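Me: I am new to this structure. Please take a close look at the aromatic pairing and the core around it.

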Amino acid sequence: MQHETRRTDVAIHFVVHDEGDSVGVVVVEGLKSGTRLNGWIMDQDKMIEFDAKSDIPIGHKLAIKPIKSQLSQMSNYPLRPRAPQPTTRVNFTAAIRLIE
């Protein structure tokens, strides 16, 4: 559940640019599931709080509101198969000889 307050001297765990954004970015190491997270909405200088539902590494995004699937937004567009990507062949025997 989201709770909004004004920014004070609390630890900031994630940042959001604008209150209209759907995601924030984690700015601290080692966030564990169940941690009460404090987020700062920079443009409006507001704080929001969430409980982490899983461990979140630094630099990862977290949803702060429900996000619609991109596929549902693209329902009028035909999906095209992805072109095969070239593969690189590695001569493992030669690589092992270099290591030895």
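**The aromatic pair and its core**

Reply: Start with Ile-41, which touches Val-16, His-17, Asp-18, Glu-19, Lys-46 and Ile-48, leaving aside residues up to four places away in sequence. Touching, or contact, means heavy atoms within 4.5 Å. This is a predicted model, where local features need pLDDT of at least 70, side-chain atom pairs count only at pLDDT 80 or more, and totals for chains, interfaces and linings use all residues. Residues are numbered from 1 along each chain as its sequence is written, and side-chain values use heavy atoms, without hydrogens and water.

Ile-41 belongs to the largest nonpolar core, which has twelve residues, among them Phe-14, Val-16, Ile-48 and Phe-50. Such a core is a set of buried Ala, Val, Leu, Ile, Met, Phe, Trp, Tyr and Cys residues joined through side-chain atoms within 4.5 Å. Buried means under 20% relative accessible area (1.4 Å probe, protein chains only). Strands β2 (14–16), β4 (36–41) and β5 (46–51) each supply at least two residues of this core. Strands are DSSP runs of E, at least two residues, numbered from the N terminus.

Now the rings. A search of the whole structure finds one aromatic pair. Phe-14 and Phe-50 form it, 6.1 Å centre to centre, with 45 degrees between the planes. Rings of Phe, Tyr and Trp (its six-membered ring) pair if their centres lie within 6.5 Å; planes under 30 degrees apart count as stacked, over 60 as edge-to-face and the rest as tilted. This pair is tilted. The pair links distant parts of the chain, with Phe-14 in β2 and Phe-50 in β5, 36 residues apart. Phe-14 is buried, at a relative accessible area of 0%. Phe-50 is buried too, at 13%.

Notes. Buried < 20%, exposed > 50% of the residue type's maximum accessible area, 1.4 Å probe, protein only. Helix = DSSP H or I, 4+ residues; strand = E, 2+ residues; numbered from the N terminus.
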